[in-house]
Amino acid sequence: MKNKRKVLKKVLKNKSVLLGVSGSVASYKAVDLIRRLREEGLSVTVVMTEAAGNFITRLSLEVASQNRVCTDLFSNPMAHITLPANADIFIVAPATANIIGKFANGIADDILSTCFLSFKGKVAIAPAMSWRIYENPFFQDNLKALLSRGVVQIGPDKGSLACGEEGMGKMADIATIVERIKSMLTKKDLQDEKVLVTAGPTREFIDPVRFISNRSSGKMGYSLAQAAFRRGAEVTLISGHSTLDRPDGVKFISVETSNDMLDAVNKEIESSTVFIMSAAVSDFMPLEMSEEKIEKSGELFLRLKQTPDIVSEVSKKRKRPFIIGFAAETGKHTERARRKLKEKNMDMIVFNDVTEPGSGFDADTNKVIIIDEEKETELPLLPKDSVADAILARMIEIRA
Ligand code: C5P
(Lines give C-alpha, C1' and ligand atoms only; values in the text may rest on other atoms or scores of the structure.)
Protein backbone atom coordinates (compact mmCIF):
# COMPACT_ATOMS: atom_id res chain seq x y z
CA MET A 1 0.00 0.00 0.00
CA LYS A 2 2.34 2.67 -1.35
CA ASN A 3 -0.30 5.38 -1.31
CA LYS A 4 -1.14 4.81 2.36
CA ARG A 5 2.47 5.31 3.42
CA LYS A 6 2.82 8.46 1.32
CA VAL A 7 -0.26 10.14 2.73
CA LEU A 8 0.28 9.21 6.36
CA LYS A 9 3.84 10.39 6.04
CA LYS A 10 2.33 13.77 5.19
CA VAL A 11 0.21 13.77 8.37
CA LEU A 12 3.09 12.93 10.69
CA LYS A 13 5.81 14.13 8.31
CA ASN A 14 9.25 14.77 9.72
CA LYS A 15 8.22 13.47 13.13
CA SER A 16 10.61 11.22 14.93
CA VAL A 17 10.18 8.88 17.85
CA LEU A 18 12.89 7.98 20.33
CA LEU A 19 11.92 4.51 21.54
CA GLY A 20 13.38 3.20 24.78
CA VAL A 21 13.29 -0.57 25.22
CA SER A 22 13.88 -1.91 28.72
CA GLY A 23 14.26 -5.54 29.80
CA SER A 24 10.97 -7.40 29.94
CA VAL A 25 9.56 -10.49 28.24
CA ALA A 26 7.49 -7.96 26.27
CA SER A 27 10.71 -6.49 24.74
CA TYR A 28 10.23 -8.62 21.61
CA LYS A 29 7.01 -6.69 20.91
CA ALA A 30 9.14 -3.60 20.25
CA VAL A 31 9.86 -4.94 16.74
CA ASP A 32 6.17 -4.88 15.86
CA LEU A 33 5.75 -1.47 17.49
CA ILE A 34 8.60 -0.05 15.38
CA ARG A 35 7.09 -1.53 12.20
CA ARG A 36 3.67 0.02 12.94
CA LEU A 37 5.17 3.42 13.80
CA ARG A 38 7.16 3.43 10.56
CA GLU A 39 4.02 2.54 8.62
CA GLU A 40 2.51 5.72 10.04
CA GLY A 41 5.35 7.69 8.47
CA LEU A 42 7.32 8.20 11.69
CA SER A 43 11.06 7.65 11.92
CA VAL A 44 12.15 5.60 14.91
CA THR A 45 15.47 5.52 16.78
CA VAL A 46 15.94 2.97 19.54
CA VAL A 47 17.92 3.06 22.76
CA MET A 48 17.90 -0.16 24.75
CA THR A 49 19.06 -1.20 28.21
CA GLU A 50 21.52 -4.00 28.83
CA ALA A 51 18.70 -6.07 30.36
CA ALA A 52 16.62 -5.68 27.17
CA GLY A 53 19.52 -7.40 25.35
CA ASN A 54 18.61 -10.59 27.22
CA PHE A 55 15.24 -10.66 25.49
CA ILE A 56 15.86 -9.16 22.06
CA THR A 57 18.91 -8.49 19.92
CA ARG A 58 20.16 -5.09 18.95
CA LEU A 59 20.28 -6.33 15.36
CA SER A 60 16.52 -7.04 15.28
CA LEU A 61 15.80 -3.51 16.47
CA GLU A 62 18.29 -2.04 13.98
CA VAL A 63 16.73 -3.93 11.08
CA ALA A 64 13.21 -2.95 12.17
CA SER A 65 14.04 0.73 12.69
CA GLN A 66 16.62 1.05 9.89
CA ASN A 67 18.64 3.10 12.37
CA ARG A 68 21.61 2.41 14.62
CA VAL A 69 20.57 1.28 18.09
CA CYS A 70 22.35 2.74 21.09
CA THR A 71 22.93 0.32 23.99
CA ASP A 72 25.40 2.11 26.25
CA LEU A 73 26.46 5.55 27.40
CA PHE A 74 30.05 5.55 26.30
CA SER A 75 30.47 4.05 22.80
CA ASN A 76 28.92 7.25 21.45
CA PRO A 77 29.46 9.73 24.29
CA MET A 78 27.14 12.38 22.80
CA ALA A 79 24.20 10.06 22.06
CA HIS A 80 22.36 10.91 25.32
CA ILE A 81 22.26 14.55 24.11
CA THR A 82 21.84 14.25 20.33
CA LEU A 83 19.20 11.49 20.26
CA PRO A 84 16.75 13.24 22.64
CA ALA A 85 17.46 16.62 21.03
CA ASN A 86 16.41 15.27 17.63
CA ALA A 87 13.23 13.46 18.75
CA ASP A 88 9.66 14.81 18.83
CA ILE A 89 8.43 12.26 21.32
CA PHE A 90 10.05 9.80 23.73
CA ILE A 91 8.29 6.51 24.37
CA VAL A 92 9.44 3.65 26.57
CA ALA A 93 7.85 0.31 25.66
CA PRO A 94 8.13 -1.93 27.50
CA ALA A 95 8.89 0.11 30.63
CA THR A 96 10.01 -2.04 33.58
CA ALA A 97 9.61 -1.15 37.26
CA ASN A 98 13.38 -0.62 37.34
CA ILE A 99 13.49 2.00 34.56
CA ILE A 100 10.37 3.74 35.95
CA GLY A 101 12.08 3.85 39.36
CA LYS A 102 15.21 5.38 37.81
CA PHE A 103 13.19 7.99 35.89
CA ALA A 104 11.22 8.97 38.99
CA ASN A 105 14.36 9.42 41.06
CA GLY A 106 16.56 11.18 38.54
CA ILE A 107 19.02 8.29 38.27
CA ALA A 108 21.07 8.38 35.07
CA ASP A 109 23.35 5.35 35.04
CA ASP A 110 22.57 3.95 31.59
CA ILE A 111 21.75 5.28 28.12
CA LEU A 112 17.96 5.07 28.52
CA SER A 113 17.67 6.81 31.90
CA THR A 114 20.17 9.49 30.80
CA CYS A 115 18.20 10.15 27.59
CA PHE A 116 15.08 10.59 29.74
CA LEU A 117 16.76 13.27 31.84
CA SER A 118 17.99 15.19 28.82
CA PHE A 119 14.73 14.99 26.80
CA LYS A 120 12.62 18.16 26.65
CA GLY A 121 9.38 16.96 25.00
CA LYS A 122 6.43 14.67 25.71
CA VAL A 123 7.19 11.28 27.25
CA ALA A 124 4.99 8.15 27.32
CA ILE A 125 5.62 4.89 29.13
CA ALA A 126 4.02 1.48 28.52
CA PRO A 127 4.63 -0.46 31.76
CA ALA A 128 5.07 -4.25 31.65
CA MET A 129 5.67 -6.37 34.75
CA SER A 130 4.22 -8.90 37.19
CA TRP A 131 1.03 -7.81 38.95
CA ARG A 132 2.92 -8.30 42.22
CA ILE A 133 5.41 -5.59 41.26
CA TYR A 134 2.75 -3.39 39.67
CA GLU A 135 0.81 -3.28 42.94
CA ASN A 136 3.90 -2.65 45.07
CA PRO A 137 3.55 0.72 46.86
CA PHE A 138 7.17 1.72 46.16
CA PHE A 139 6.58 1.17 42.45
CA GLN A 140 3.20 2.95 42.58
CA ASP A 141 4.86 5.98 44.25
CA ASN A 142 7.43 6.13 41.45
CA LEU A 143 4.71 5.84 38.81
CA LYS A 144 2.63 8.60 40.44
CA ALA A 145 5.69 10.85 40.60
CA LEU A 146 6.19 10.49 36.83
CA LEU A 147 2.51 11.07 36.04
CA SER A 148 2.47 14.19 38.23
CA ARG A 149 5.27 15.56 36.02
CA GLY A 150 3.22 15.02 32.85
CA VAL A 151 4.53 11.64 31.71
CA VAL A 152 1.74 9.76 29.88
CA GLN A 153 0.96 6.21 30.99
CA ILE A 154 -0.26 3.74 28.36
CA GLY A 155 -1.63 0.54 29.91
CA PRO A 156 -0.85 -1.92 31.35
CA ASP A 157 -3.76 -4.30 30.75
CA LYS A 158 -5.12 -7.08 32.89
CA GLY A 159 -4.40 -10.52 31.49
CA SER A 160 -2.32 -13.67 31.67
CA LEU A 161 1.26 -12.71 32.43
CA ALA A 162 4.56 -14.37 31.45
CA CYS A 163 4.96 -15.76 34.99
CA GLY A 164 1.82 -17.81 34.43
CA GLU A 165 -0.31 -15.69 36.74
CA GLU A 166 -3.28 -13.49 35.90
CA GLY A 167 -3.33 -9.82 36.75
CA MET A 168 -2.53 -6.24 35.92
CA GLY A 169 0.83 -5.83 34.19
CA LYS A 170 0.51 -6.95 30.57
CA MET A 171 1.92 -4.32 28.21
CA ALA A 172 -0.82 -2.40 26.35
CA ASP A 173 -1.41 -3.76 22.87
CA ILE A 174 0.55 -2.28 20.00
CA ALA A 175 -2.49 -0.69 18.31
CA THR A 176 -3.30 1.21 21.53
CA ILE A 177 0.29 2.42 21.93
CA VAL A 178 0.45 3.57 18.29
CA GLU A 179 -2.89 5.41 18.57
CA ARG A 180 -1.77 7.20 21.75
CA ILE A 181 1.51 8.26 20.12
CA LYS A 182 -0.36 9.58 17.07
CA SER A 183 -2.68 11.45 19.41
CA MET A 184 0.24 12.97 21.34
CA LEU A 185 1.73 14.20 18.06
CA THR A 186 -1.56 15.63 16.73
CA LYS A 187 -2.47 19.30 16.99
CA LYS A 188 -5.60 19.69 19.16
CA ASP A 189 -7.60 21.81 16.72
CA LEU A 190 -11.00 20.38 17.76
CA GLN A 191 -10.52 20.93 21.48
CA ASP A 192 -13.78 22.80 22.12
CA GLU A 193 -15.97 20.65 19.88
CA LYS A 194 -18.46 17.95 20.77
CA VAL A 195 -18.63 15.63 17.80
CA LEU A 196 -21.44 13.11 17.32
CA VAL A 197 -20.70 10.39 14.75
CA THR A 198 -22.99 7.62 13.50
CA ALA A 199 -21.52 4.56 11.81
CA GLY A 200 -22.28 1.12 10.44
CA PRO A 201 -25.49 -0.38 9.08
CA THR A 202 -28.91 -0.49 10.73
CA ARG A 203 -30.93 -3.70 10.97
CA GLU A 204 -34.65 -3.60 10.26
CA PHE A 205 -36.34 -6.66 11.70
CA ILE A 206 -38.77 -8.81 9.74
CA ASP A 207 -39.24 -11.15 12.70
CA PRO A 208 -37.15 -11.82 15.85
CA VAL A 209 -34.39 -13.60 13.87
CA ARG A 210 -34.41 -12.03 10.40
CA PHE A 211 -33.65 -8.53 9.28
CA ILE A 212 -32.92 -6.26 6.29
CA SER A 213 -29.50 -4.59 6.38
CA ASN A 214 -26.64 -3.55 4.10
CA ARG A 215 -22.93 -4.13 3.61
CA SER A 216 -21.57 -1.21 5.63
CA SER A 217 -18.65 -2.18 7.93
CA GLY A 218 -18.56 1.06 9.92
CA LYS A 219 -14.88 1.68 9.09
CA MET A 220 -15.32 5.23 7.80
CA GLY A 221 -17.35 6.34 10.83
CA TYR A 222 -14.99 4.67 13.31
CA SER A 223 -12.02 6.38 11.61
CA LEU A 224 -13.83 9.73 11.84
CA ALA A 225 -14.61 9.22 15.54
CA GLN A 226 -11.00 8.29 16.29
CA ALA A 227 -9.58 11.16 14.21
CA ALA A 228 -11.87 13.71 15.93
CA PHE A 229 -10.85 12.40 19.37
CA ARG A 230 -7.18 12.54 18.39
CA ARG A 231 -7.67 16.20 17.46
CA GLY A 232 -9.03 16.97 20.93
CA ALA A 233 -12.83 16.74 20.47
CA GLU A 234 -15.23 15.10 22.91
CA VAL A 235 -16.66 12.33 20.74
CA THR A 236 -19.75 10.13 20.89
CA LEU A 237 -20.06 7.27 18.42
CA ILE A 238 -23.48 5.73 17.76
CA SER A 239 -22.89 2.50 15.92
CA GLY A 240 -25.00 -0.13 14.22
CA HIS A 241 -23.68 -3.72 14.21
CA SER A 242 -19.93 -3.76 13.54
CA THR A 243 -17.06 -6.12 14.29
CA LEU A 244 -14.55 -3.27 14.67
CA ASP A 245 -12.78 -2.41 17.93
CA ARG A 246 -14.32 0.55 19.74
CA PRO A 247 -12.23 3.67 19.21
CA ASP A 248 -10.04 4.71 22.13
CA GLY A 249 -11.43 7.50 24.35
CA VAL A 250 -14.79 7.74 22.59
CA LYS A 251 -18.24 7.41 24.24
CA PHE A 252 -19.84 4.44 22.50
CA ILE A 253 -23.56 3.75 22.01
CA SER A 254 -24.61 0.54 20.31
CA VAL A 255 -27.89 0.43 18.34
CA GLU A 256 -29.61 -1.94 15.94
CA THR A 257 -32.53 -0.36 14.08
CA SER A 258 -32.90 3.03 12.39
CA ASN A 259 -35.47 3.98 15.04
CA ASP A 260 -32.95 3.11 17.81
CA MET A 261 -30.37 5.22 15.99
CA LEU A 262 -32.79 8.15 15.68
CA ASP A 263 -33.59 7.95 19.42
CA ALA A 264 -29.89 7.84 20.34
CA VAL A 265 -29.13 10.78 18.01
CA ASN A 266 -32.00 12.82 19.51
CA LYS A 267 -30.62 12.22 23.01
CA GLU A 268 -27.10 13.33 22.09
CA ILE A 269 -27.65 16.03 19.50
CA GLU A 270 -28.50 18.95 21.81
CA SER A 271 -25.00 19.03 23.24
CA SER A 272 -23.20 18.42 19.91
CA THR A 273 -21.49 21.08 17.83
CA VAL A 274 -20.74 18.76 14.89
CA PHE A 275 -22.86 15.87 13.58
CA ILE A 276 -21.32 13.36 11.19
CA MET A 277 -23.92 11.02 9.70
CA SER A 278 -21.77 8.29 8.20
CA ALA A 279 -24.10 5.42 9.12
CA ALA A 280 -25.63 3.47 6.27
CA VAL A 281 -29.26 3.56 7.37
CA SER A 282 -31.32 0.81 5.77
CA ASP A 283 -33.59 2.81 3.55
CA PHE A 284 -36.50 0.43 4.01
CA MET A 285 -38.05 -1.36 6.96
CA PRO A 286 -40.90 -3.88 7.05
CA LEU A 287 -44.31 -2.23 7.42
CA GLU A 288 -44.73 -4.41 10.48
CA MET A 289 -42.51 -6.82 12.38
CA SER A 290 -43.82 -10.28 13.18
CA GLU A 291 -43.55 -11.04 16.91
CA GLU A 292 -42.86 -14.70 16.09
CA LYS A 293 -40.47 -16.33 13.66
CA ILE A 294 -42.27 -16.54 10.32
CA GLU A 295 -42.69 -20.12 9.13
CA LYS A 296 -41.20 -21.17 5.79
CA SER A 297 -44.04 -21.97 3.45
CA GLY A 298 -44.08 -20.95 -0.18
CA GLU A 299 -43.58 -17.35 -1.21
CA LEU A 300 -43.42 -14.52 1.27
CA PHE A 301 -44.36 -10.98 0.32
CA LEU A 302 -42.77 -8.24 2.37
CA ARG A 303 -44.33 -4.78 2.49
CA LEU A 304 -41.74 -2.13 3.20
CA LYS A 305 -41.86 1.49 4.27
CA GLN A 306 -39.13 4.11 4.41
CA THR A 307 -37.04 4.45 7.55
CA PRO A 308 -36.89 7.82 9.33
CA ASP A 309 -34.45 10.21 7.65
CA ILE A 310 -32.18 10.90 10.61
CA VAL A 311 -30.04 13.63 9.07
CA SER A 312 -33.13 15.56 7.90
CA GLU A 313 -34.64 15.35 11.39
CA VAL A 314 -31.47 16.91 12.79
CA SER A 315 -31.15 19.60 10.13
CA LYS A 316 -34.73 20.77 10.84
CA LYS A 317 -33.82 21.62 14.42
CA ARG A 318 -33.67 25.30 15.30
CA LYS A 319 -30.34 25.01 17.06
CA ARG A 320 -28.54 22.61 14.78
CA PRO A 321 -24.89 21.55 14.72
CA PHE A 322 -22.59 21.62 11.68
CA ILE A 323 -23.80 18.64 9.62
CA ILE A 324 -21.70 16.31 7.49
CA GLY A 325 -23.44 13.59 5.47
CA PHE A 326 -22.34 10.87 3.08
CA ALA A 327 -23.55 9.90 -0.37
CA ALA A 328 -22.56 6.41 -1.48
CA GLU A 329 -23.47 6.11 -5.15
CA THR A 330 -22.92 3.53 -7.86
CA GLY A 331 -21.38 5.74 -10.56
CA LYS A 332 -19.98 9.25 -10.55
CA HIS A 333 -23.28 10.95 -9.71
CA THR A 334 -21.91 13.96 -7.87
CA GLU A 335 -25.01 15.92 -8.92
CA ARG A 336 -27.12 13.53 -6.77
CA ALA A 337 -24.84 14.19 -3.81
CA ARG A 338 -25.14 17.94 -4.38
CA ARG A 339 -28.93 17.60 -4.49
CA LYS A 340 -28.92 15.66 -1.19
CA LEU A 341 -26.71 18.34 0.37
CA LYS A 342 -29.43 20.92 -0.41
CA GLU A 343 -32.53 18.79 0.20
CA LYS A 344 -31.31 17.50 3.56
CA ASN A 345 -29.92 20.93 4.50
CA MET A 346 -26.41 19.70 5.34
CA ASP A 347 -23.18 21.71 5.42
CA MET A 348 -20.94 19.14 3.74
CA ILE A 349 -21.46 15.88 1.93
CA VAL A 350 -18.83 13.26 1.24
CA PHE A 351 -19.43 11.57 -2.08
CA ASN A 352 -18.02 8.18 -2.94
CA ASP A 353 -18.59 5.86 -5.87
CA VAL A 354 -18.79 2.40 -4.26
CA THR A 355 -18.07 0.70 -7.59
CA GLU A 356 -14.56 2.25 -7.79
CA PRO A 357 -11.74 -0.17 -6.86
CA GLY A 358 -10.70 0.31 -3.20
CA SER A 359 -13.79 2.40 -2.48
CA GLY A 360 -16.42 -0.21 -1.72
CA PHE A 361 -17.89 -1.55 1.49
CA ASP A 362 -15.47 -3.09 3.96
CA ALA A 363 -12.43 -1.56 2.19
CA ASP A 364 -9.68 0.06 4.30
CA THR A 365 -9.41 2.79 1.69
CA ASN A 366 -11.81 5.24 0.14
CA LYS A 367 -11.82 7.64 -2.80
CA VAL A 368 -14.06 10.58 -2.06
CA ILE A 369 -15.08 14.02 -3.20
CA ILE A 370 -15.88 16.44 -0.37
CA ILE A 371 -18.70 18.71 -1.51
CA ASP A 372 -19.79 21.89 0.23
CA GLU A 373 -21.44 25.13 -0.82
CA GLU A 374 -18.13 26.69 -1.83
CA LYS A 375 -16.27 23.92 -3.64
CA GLU A 376 -15.65 20.27 -4.49
CA THR A 377 -12.44 18.73 -3.14
CA GLU A 378 -11.50 15.53 -4.94
CA LEU A 379 -9.11 13.31 -2.96
CA PRO A 380 -7.01 10.42 -4.29
CA LEU A 381 -7.51 6.85 -3.07
CA LEU A 382 -6.52 7.02 0.60
CA PRO A 383 -6.71 4.96 3.79
CA LYS A 384 -9.96 5.77 5.64
CA ASP A 385 -7.88 7.32 8.48
CA SER A 386 -6.49 9.90 6.07
CA VAL A 387 -9.90 10.51 4.48
CA ALA A 388 -11.23 11.18 8.00
CA ASP A 389 -8.49 13.74 8.64
CA ALA A 390 -9.14 15.46 5.30
CA ILE A 391 -12.90 15.70 6.06
CA LEU A 392 -12.22 17.20 9.49
CA ALA A 393 -9.63 19.60 8.05
CA ARG A 394 -12.14 20.90 5.48
CA MET A 395 -14.77 21.27 8.20
CA ILE A 396 -12.36 23.34 10.30
CA GLU A 397 -11.52 25.46 7.23
CA ILE A 398 -15.21 26.17 6.50
CA ARG A 399 -16.02 27.05 10.11
CA ALA A 400 -12.95 29.28 10.60
O1 C5P B 1 -29.10 7.26 1.63
P2 C5P B 1 -28.75 8.66 1.17
O3 C5P B 1 -27.85 8.68 0.00
O4 C5P B 1 -29.96 9.56 1.03
O5 C5P B 1 -27.88 9.27 2.37
C6 C5P B 1 -27.47 10.61 2.44
C7 C5P B 1 -27.22 10.96 3.88
O8 C5P B 1 -28.44 10.82 4.61
C9 C5P B 1 -26.22 10.05 4.57
O10 C5P B 1 -25.41 10.83 5.42
C11 C5P B 1 -27.09 9.09 5.37
O12 C5P B 1 -26.42 8.63 6.53
C13 C5P B 1 -28.27 9.95 5.72
N14 C5P B 1 -29.52 9.17 5.89
C15 C5P B 1 -30.25 9.33 7.06
N16 C5P B 1 -31.40 8.60 7.25
C17 C5P B 1 -31.86 7.76 6.29
C18 C5P B 1 -31.13 7.60 5.10
C19 C5P B 1 -29.95 8.32 4.94
O20 C5P B 1 -29.84 10.09 7.94
N21 C5P B 1 -32.97 7.09 6.50
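Biologist: Where is Q66 found?

Modeller: Q66 is in the loop between α3 (58–65) and α4 (79–85). Bear in mind that this is a predicted model.

Biologist: And what is the phi of Q66?

Modeller: Positive, at about 60 degrees, although Q66 is not a glycine. Most residues other than glycine have a negative phi.

Biologist: Moving to peptide bonds. Is the one from A93 to P94 cis or trans?

Modeller: The bond from A93 to P94 is cis, with omega near -5 degrees. P94 belongs to strand β3, which covers residues 89–95.

Biologist: What about the bond that joins G155 and P156?

Modeller: That peptide bond is cis too, and omega there is about 5 degrees. P156 sits in the loop between β5 (152–153) and β6 (157–160). Most peptide bonds are trans.

Biologist: Now the ligand. How many residues surround it, and which are the closest?

Modeller: There are 13 residues around the ligand, and the closest are M277, P308, V311, F326 and K340.

Biologist: What lies 2.8 Å from an oxygen atom of the ligand?

Modeller: A backbone N or O atom of M277. A polar backbone atom of F326 is 2.9 Å from an oxygen atom of the ligand. On the nitrogen side, P308 has a polar backbone atom 2.9 Å from a nitrogen atom of the ligand.

Biologist: How much of the ligand's accessible area does the protein cover?

Modeller: The protein covers 87% of the 450 Å² that the ligand has on its own.

Biologist: Which elements give two or more residues to the shell around the ligand?

Modeller: α12 (310–315) and β16 (322–329). By class, the shell is made up of seven nonpolar, two polar and four charged residues.

Biologist: Which pocket is the space taken by the ligand?

Modeller: The ligand takes up space that is the largest pocket. About 1000 Å³ of space lies in that pocket.

Biologist: How many residues line the largest pocket, and which lie nearest its centre?

Modeller: The lining has 40 residues, with A279, A280, V281, F326 and A328 nearest the centre. The elements giving two or more residues to the lining are α10 (219–230), β15 (304–306), α12, β16 and β17 (348–353).

Biologist: Which of them gives the most to the lining?

Modeller: β16, with four residues.

Biologist: How does the lining of the largest pocket split by class?

Modeller: The lining has 18 nonpolar, 15 polar and seven charged residues.

Terms used. Residues numbered from 1 in each chain as written. Predicted model: local features only at pLDDT ≥ 70, side-chain atom pairs only at ≥ 80, totals over all residues. Heavy atoms only, no water. Near = heavy atom within 4 Å. Polar contact = N/O pair within 3.5 Å; in protein donor to acceptor, adjacent residues only side chain to side chain. Areas by Shrake-Rupley, 256 points an atom, 1.4 Å probe, with all protein chains shown as cover. 1 Å grid on protein atoms, 1.4 Å probe; cavity = no way out; pocket = protein on both sides within 12 Å on 5 of 7 lines; lining within 4 Å. Sits in = over half its atoms within 2 Å of the grid points. Nonpolar A, V, L, I, M, F, W, Y, C, P; charged D, E, K, R; others polar. Points joined across faces, edges and corners; volume = space filled by probe spheres on them.
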